[in-house]
Amino acid sequence: MRLRGEIRADRPLVVVAIEEEAAYLGDRLPALLTGVGKVNAAVAVSAALATARPAEVINVGTAGSVRSGYEGTHEVSRVIQHDLDDELLQALTGRSFAAPIELSGDGPTLATGDVFVSSTADRDRIGTVADLVDMEGYAVAVAARRAGVPVRLVKHVSDTADDGAAHSWKDSVDDAARRLAEWLADNC
C-alpha cells in the first residue's frame with residue numbers, strides 16, 4: 001500500500017492496484033496503490049478511509065472482457081464476486097456474504113475475483129453473469145460503502161480474459177493507463 005498525495009474532503013481519492021496502471025495519473029489527485037487482489041484492496045482502502053475522508057473513491061484499473069463487444073473505458077454499474085460461492089454459503093447459513101453491489105449508471109457488470117482470468121473456460125463461465133472481470137473492484141466498493149464514502153469503478157478493457165490474456169494485458173497496460181488518466185482528467 002502506498003498513498004501518493006494527501007486525502008482531502010474536497011477531492012476524490014483514486015484507487016489503483018499497481019504502478020503500471022497508475023503510470024500517467026500525475027499528482028493532481030491523491031492516488032492509493034493497493035497491490036493486487038481483494039485482500040490487498042480491502043485492507044488498503046479501509047486503512048486510508050480510517051484516517052481521512054475523500055469526497056469519493058474512484059477505483060480505476062484494467063479489466064478483462066468476458067463478453068464480446070466490450071472495449072475501451074467503462075464506468076461500472078454493478079459489481080459481483082465470481083470466486084465466492086454465495087449461494088452455497090447462504091444455503092448453509094441463511095445469510096448472504098457477497099451480495100451484488102449496485103452502483104450508478106447503466107454501465108457493465110464487473111465480476112471481481114482473486115484469479116487472473118486467463119482461460120476460455122473461466123471466461124465463458126463468468127460471462128454468464130458479468131461483462132468484465134478484475135481483481136479489486138468489489139473489495140474497493142465494499143470498503144468505501146462501509147466507510148460511508150461514495151464509490152465509482154472505472155475499468156479499461158485490457159484483454160479478452162482467455163488463453164492469451166496474460167500476454168495481451170502486458171502489451172496493453174500502458175495504453176490502458178493513459179486512457180484511465182484521460183478519463184480522470186475529463187471527469188474529475
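V57 touches L13, V15, L49, V140, A144, V149, P150, V151 and R152 when residues up to four places away in sequence are not counted, contact being taken as heavy atoms within 4.5 Å. The model examined here is predicted, so that local features need pLDDT of at least 70 and side-chain atom pairs count only at pLDDT 80 or more, while totals for chains, interfaces and linings use all residues. Residues are numbered from 1 along each chain as its sequence is written, and side-chain values use heavy atoms, with hydrogens and water left out.

V57 is also one of the residues with the most contacts inside the largest nonpolar core, a group of 29 residues in which V79, V140, V151 and L153 are likewise named for their contacts. A nonpolar core is understood as a set of buried Ala, Val, Leu, Ile, Met, Phe, Trp, Tyr and Cys residues joined through side-chain atoms within 4.5 Å; buried denotes under 20% relative accessible area, exposed over 50%, and partly exposed the range in between, for a 1.4 Å probe and protein chains only. Two or more residues of this core come from each of β2 (12-16), α2 (38-51), β4 (56-65), α5 (137-146) and β10 (151-159), where helices (H or I, at least four residues) and strands (E, at least two) are DSSP runs numbered from the N terminus. Among these elements, α5 gives the most to the core, with seven residues. A second, separate core comprises 14 residues, including A22, L33, V60 and A181.

Strand β4 is largely enclosed by the rest of the structure, because 10 of its 10 residues are buried. Its pairing with other strands, for which DSSP must find at least two bridges between the two, involves several partners. With β2, strand β4 runs parallel and is joined through four bridges, and V15 stands opposite N59 of β4. Eight bridges join β4 to β10, again in a parallel arrangement, and within this pairing the bridge partner of A63 is V157 in β10. Strand β9 (residues 132-134), by contrast, runs antiparallel to β4 and is joined to β4 by two bridges, with S65 standing opposite L132 of β9.

Helix α5 is mostly covered, eight of its 10 residues being buried; these are G137, Y138, A139, V140, A141, V142, A143 and A144. The helix is followed by G148, which has a positive phi, near 75°. Most residues other than glycine have a negative phi. A161, although not a glycine, has a positive phi of about 50°; A161 is found in the loop between β10 and α6 (165-187) and is buried, with a relative accessible area of 0%.

Another loop residue, A55, lies between α2 and β4 and is partly exposed, with a relative accessible area of 36%. Apart from residues up to four places away in sequence, A55 touches R8, A9, D10, R11, P12 and P150. The C-alpha atoms of A55 and P150 are separated by 7.4 Å, although these residues are 95 positions apart along the chain.

Side chains of opposite charge can pair when their charged atoms come close. A search of the whole structure finds 15 salt bridges, each defined as a side-chain nitrogen of Lys or Arg within 4 Å of a carboxyl oxygen of Asp or Glu. One of them is formed by the side chains of E19 and R4 (2.9 Å, N to O); because E19 lies in helix α1 (residues 19-22) and R4 in strand β1 (residues 2-4), this pair ties together parts that are 15 residues apart in sequence. Both ends are partly exposed, E19 having a relative accessible area of 34% and R4 a relative accessibility of 22%. R2, R4 and E19 are moreover linked in a network of salt bridges.

The side chains of R152 and E75 meet in a further salt bridge (3.8 Å, N to O), and since R152 lies in strand β10 and E75 in strand β5 (residues 73-75), the pair ties together parts that are 77 residues apart in sequence. R152 is buried, with a relative accessible area of 18%, whereas E75, at 27%, is partly exposed. A salt bridge is also formed by the side chains of D134 and K155 (2.9 Å, N to O); with D134 in strand β9 and K155 in strand β10, this pair ties together parts that are 21 residues apart in sequence. D134 and K155 are both buried.
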